[in-house]
Amino acid sequence: MALGTVPLLKRCLWLGLAHHFIVASACHESYGELIEDFCLSKFKFDMETLRKTLWCDWDKTLDCYRELTNCTILIAEKLNCYWPNQLVDQFFITIHRHYFKTCPVSGRALGDPPNIILCPFVLVPIFITLLIIALVVWQSKYSEGII
């Protein structure tokens, strides 16, 4: 490599980094406003049409959430921004804190199973325990006389 090309390479590297910094900082100014205006407003509308009790039902909210994600990606692509970025992360954290803060980690609303499923799991062990106790008592009565 020639001695004169090293400073040129450094200068190009710095210009490239500066370009990315300028694009990233310009992206953050308008990107946040756009995702709130377009993506968040649509997501809010979609979530409000659902009953609040269904917000934790992943099957009901998956389409709304997918549209929100795709909207943030599309705006990032149009603005030549990186995705994901710190602004998107903060945006989704805010969404989760508002809409999904009471949801269980698994994404499903937890609850007891129907009684038709629950009763056998409760009654069968009770009957088996009583049967074993009766067999032990019955066996001990008949084996007392045998030495």
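This is a predicted model: local features need pLDDT of at least 70, side-chain atom pairs count only at pLDDT 80 or more; totals for chains, interfaces and linings use all residues.
The structure holds 2 disulfides. One of them joins C39 to C71, with an S to S distance of 2.0 Å. To find its two ends, look for C39 in helix 1, which covers residues 5–49, and for C71 in helix 2; the pair is 32 residues apart and links distant parts of the chain. The torsion about the S-S bond of C39 and C71 is -80 degrees, a left-handed link. C39 counts as buried because its relative accessibility is 2%, and buried means under 20%.

The other disulfide joins C56 to C103, again with 2.0 Å from S to S. The torsion about this S-S bond is about -90 degrees, so the disulfide of C56 and C103 is left-handed. Here the ends sit in loops: C56 is in the loop between helix 1 and helix 2, while C103 is in the loop between helix 3 (86–99) and helix 4. These two cysteines are 47 residues apart, and the pair links distant parts of the chain. Are C56 and C103 buried or exposed? Both are buried.

Two further cysteines are worth a glance. C64 has a relative accessibility of 12% and therefore counts as buried. C119, at 37% relative accessibility, counts as partly exposed.

Now turn to helix 2, which runs over residues 58–78 and is where you will find T69. With a relative accessible area of 18%, T69 is buried. Which residues does T69 touch, if those up to four places away in sequence are not counted? They are W83 and F92.

The last stop is helix 4, made of residues 115–142, where V137 lies. V137 is partly exposed because its relative accessible area is 42%, and that value falls between the limits of 20% for buried and 50% for exposed. V137 belongs to a nonpolar patch on the surface, together with L118, V122, L123, I126, F127, L130 and I133. Together these residues have about 700 Å² of accessible area.

An unreviewed UniProt entry places the feature "transmembrane region" at residues 116–138. In the model, the span 116–138 is 100% helix and 0% strand, and its end C-alpha atoms lie 33 Å apart.

Technical notes:
Residues are numbered from 1 along each chain as its sequence is written. Side-chain values use heavy atoms; hydrogens and water are left out. Helices (H or I, at least four residues) and strands (E, at least two) are DSSP runs, numbered from the N terminus. Buried means under 20% relative accessible area, exposed over 50%, partly exposed in between (1.4 Å probe, protein chains only). Contact means heavy atoms within 4.5 Å. Patches are made of residues with over 30% relative accessible area and no salt bridge: like charges are joined within 9 Å, nonpolar side chains (Val, Leu, Ile, Met, Phe, Trp, Tyr) within 5 Å. Accessible areas come from the Shrake-Rupley method with a 1.4 Å probe; for residues, only the protein chains shown count as cover. A salt bridge is a side-chain nitrogen of Lys or Arg within 4 Å of a carboxyl oxygen of Asp or Glu. UniProt positions are given in the numbering used here, feature names are shortened, and annotations may be inferred rather than shown by experiment. A disulfide is a pair of cysteine sulfur atoms within 2.5 Å.
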